[in-house]
Amino acid sequence: MEEQVLDKPITKKVKEDKPLKKVCIICAKGSIEDVYAALVMTNGAVMEGIEAKLFFTFFGLDAITKNQMNKLHTSTVGNPAMRMPGGLPFPSILGLLPGVEAGVSAMMKKQMEKLDIPPVDEFMDMITAGGGEIFACKLAADMFGVEKEDLSEHVKDIITVGQFYEMCGGEGTQIIFT
Amino acid sequence: MGQVNLAGTTVDFNEEGYMTDPSQWNKEIANEIASEEGIELTDKHFEVLQFLRDKHTAGEQLTIRKVGNSGIVDIKGLYQLFPGGPLKKSSRIAGIPKPASCV
């Protein structure tokens with residue numbers, strides 16, 4: 001709570017910070033960094049006692065598809081922030097070579113494991129254990145021919161955008177598109 | 001926040017309500033902080049608290065995953081023991097600093 005003193009008229013106005021109660025997070029991409037950004041934010045909310053819904057759409061569906069979720073890659077081309085170990089620039093043309101993307105992705109995963117960041121399926125296990133909920137987008141599932149049984153057990157349901165918005169009601173709710 | 005009299009001793013807290021000197025901690029103090037959080041401590045709670053204190057003393061960064069892999073309780077169980085903020089609340093009750101990890 002913050003007290004704000006206004007000069008005219010002489011009144012005291014109390015400004016109250018309303019705590020965040022619910023986050024609805026959307027992940028539309030399937031690279032390691034996009035998926036983990038969404039997972040870290042969702043899990044972080046659950047850990048803080050904030051209600052959390054995580055919604056995967058388009059290429060983000062890979063993160064909840066059983067035979068893809070633990071094989072996510074990071075893109076080694078067209079990423080200007082990509083560096084060699086040691087900090088030298090990473091030439092985009094190197095990223096085109098076979099095996100480079102897999103190698104870089106494996107290195108990233110190893111680095112994350114060191115920081116106690118779990119693999120995708122275990123991360124989702126942590127989120128749902130704390131009461132967070134994970135959903136798939138119906139439109140994207142139809143588009144990619146993905147059925148409920150192709151998806152991880154952590155996925156609660158395949159829902160429409162309308163159902164998603166219905167879940168996002170209530171004071172202190174934020175929708176976050178990662 | 002400064003000093004507070006808890007369970008007959010003077011305990012130092014920071015402004016967020018975390019103890020600043022883990023060596024002042026004892027079970028009675030833990031019970032007092034827990035009741036403030038609306039939690040009644042059981043033996044299972046104390047096992048978790050002891051685990052957190054040991055890891056803190058060893059200088060390890062704490063995550064809920066570590067507690068989940070400790071063999072004391074799984075992550076679902078941890079959320080049930082300390083509802084609405086498992087790592088923050090357990091750290092506070094264990095008399096160690098606020099956790100600084102993101103997972």
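Predicted model: local features only at pLDDT ≥ 70, side-chain atom pairs only at ≥ 80, totals over all residues.
Local features need pLDDT of at least 70 and side-chain atom pairs count only at pLDDT 80 or more, while totals for chains, interfaces and linings use all residues. Residues are numbered from 1 along each chain as its sequence is written, and chains are lettered from A and ligands numbered from 1 in the order in which they are written.

**Stop 1: the domains**

Select residues 18-70 and 119-178 of chain A, which make up domain 1, and then 74-114, which make up domain 2. These bounds come from an automatic or database domain assignment. Between the C-alpha centres of domain 1 and domain 2 of chain A there are 26 Å.

**Stop 2: the sheet**

An open sheet is formed by 5 strands in the order E6-E5-E4-E3-E7, with parallel pairing; two strands pair if DSSP finds at least two bridges between them. Strand E6 (155-159) and strand E7 (173-177) of chain A stand at the edges with a single partner strand each, so one side of each has no neighbour in the sheet. On average, neighbouring strands of this sheet are turned by 20° against each other, direction ignored.

Now select strand E3 (residues 22-27) of chain A, which 5 bridges join to the parallel E7(A). Opposite A:Cys24 stands A:Ile175 in E7(A).

**Stop 3: helix H1**

Move to helix H1 (residues 32-47) of chain A, which lies across E3, E4 and E7 of chain A and runs at about 170° to E3(A). Such axes are lines fitted to C-alpha atoms, for helices over the stretch in contact, and angles run from 0 to 180 degrees between N-to-C directions. Just after H1(A), select A:Gly49, which takes a positive phi of about 80°.

**Stop 4: A:Ile64**

Finally, select A:Ile64, in the loop between strand E4 (51-56) and helix H2 (100-114) of chain A. Is A:Ile64 buried or exposed? A:Ile64 is buried, because 27 other C-beta atoms lie within 10 Å; a residue is buried if 20 or more do so, exposed if 12 or fewer, and partly exposed in between, with C-beta atoms placed from the backbone.

Not counting residues up to four places away in sequence, A:Ile64 touches several residues, including A:Phe56, A:Ile134 and A:Leu151; contact requires C-beta atoms, placed from the backbone, within 7 Å. A:Ile64 and A:Leu151 are 87 residues apart in sequence, yet 5.6 Å apart in space, C-alpha to C-alpha.

Note on methods
Helix = DSSP H or I, 4+ residues; strand = E, 2+ residues; numbered from the N terminus. Contact = placed C-beta atoms within 7 Å.
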